[in-house]
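My entries follow in the order in which I looked.

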Amino acid sequence: MSLNDPVDPAVATVTAGAPVLETEPKAQAVGGLPSRFSCFVTGTDTEIGKTLVSSAILHKLVSGGVRACGMKPIAAGAVMVDGELHNDDADALIAASNVHLPANLTTPYMLRAAAAPHIAAALDGVTIESVPIIAAYAEIAAASDAVVVEGVGGFRVPLSDDFDSADLAAQLNLPMVLVVGLRLGCISHSLLTIEAIVARNLVVAGWVVNEIDPDMEFADENVAALQQRIPAPLLGRIPYLDNPTAASAAEYIELARLPGWPPVQD
């Protein structure tokens, strides 16, 4: 599968309000065969539930009999366990997947410091580059029928002096799923993120609301405001969960409208 195959880029125009997609995202097919499913999960910020949503997507795929693998290209905040570096987010994706590949493929950059990736990489004496990530993605895609790639932090996070997470998303060119952490300020964060995504000709395939503040006032009104302004389907609203799991979160999302979504048994 070519890295440029997943979808036709959506065309966006920016008016006085939010950007509006002029075309619906759709999956491409090669030689009459349906394309494999893949998506890139990004978020309005860090610690807003990207891993939970990514794991929930994987859970739905696996439950439907699809050979699925999660990928966390860059993970900061790793600890040594039994002689190997582990990161909670990367481990959660592994647990939700049913295709298991070497960690240097599913997480090419496993960084020790729980800091911004470019800082953590510098502390480890490495430079984050796109080539190892793209090569690893290609191997994962070849070994599975579905790939869920989780970004790091928000949409625009520095990875090196001249490379950031938005550049990585543009190079992978996968349909984007935006996770909105429902808290004060999420409207602006969401719309700015959408503008940044469509400015790179990426498909905004859908968005998921994750309630991270159980005491947030006017939560419904915030969601309604976003629905009026985000030019993509709302895929679900995950309530605040005391013990969130991939399975419990998956109950609140409906993914059939994602481009290339396979006919799984939900």
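I began at the end of helix 7 and found that it is followed by Asn201, whose phi is positive, near 60 degrees. The model is a predicted one.

I then checked helix 7 itself, which covers residues 186-199. Its 14 residues reach 20 Å from the first C-alpha to the last, close to the 20 Å expected at 1.5 Å a residue. I listed its buried residues as Cys186, Ser190, Leu191, Thr193, Ile194, Ala196, Ile197 and Val198.

Next I looked up Phe155.

Phe155 is listed with Ile74, Ile128, Tyr137, Val149, Leu172 and Trp207 as having the most contacts inside the largest nonpolar core, which has 48 residues. Apart from that core I found another, of 30 residues, among them Val41, Leu58, Leu61 and Val66.

I turned to the open sheet of 6 strands and recorded the order 6-11-5-14-15-16, with parallel pairing. Strand 6 (68-71) and strand 16 (234-238) each have a single partner strand, so one side of each is left without a neighbour in the sheet. Neighbouring strands are turned by 20 degrees against each other on average, direction ignored.

Within this sheet I traced 4 bridges between strand 5 (residues 37-43) and the parallel strand 14 (residues 176-181). Gly43 has Val179 as its bridge partner in strand 14.

Last, I noted that helix 8 (residues 219-229) lies across strands 14, 15 and 16, running at about 165 degrees to strand 16.

Methods
Residues are numbered from 1 along each chain as its sequence is written. This is a predicted model: local features need pLDDT of at least 70, side-chain atom pairs count only at pLDDT 80 or more; totals for chains, interfaces and linings use all residues. Side-chain values use heavy atoms; hydrogens and water are left out. Helices (H or I, at least four residues) and strands (E, at least two) are DSSP runs, numbered from the N terminus. The expected span of a helix is 1.5 Å times one less than its number of residues. Buried means under 20% relative accessible area, exposed over 50%, partly exposed in between (1.4 Å probe, protein chains only). A nonpolar core is a set of buried Ala, Val, Leu, Ile, Met, Phe, Trp, Tyr and Cys residues joined through side-chain atoms within 4.5 Å. Two strands pair if DSSP finds at least two bridges between them. Axes are lines fitted to C-alpha atoms, for helices over the stretch in contact, and angles run from 0 to 180 degrees between N-to-C directions. Contact means heavy atoms within 4.5 Å.
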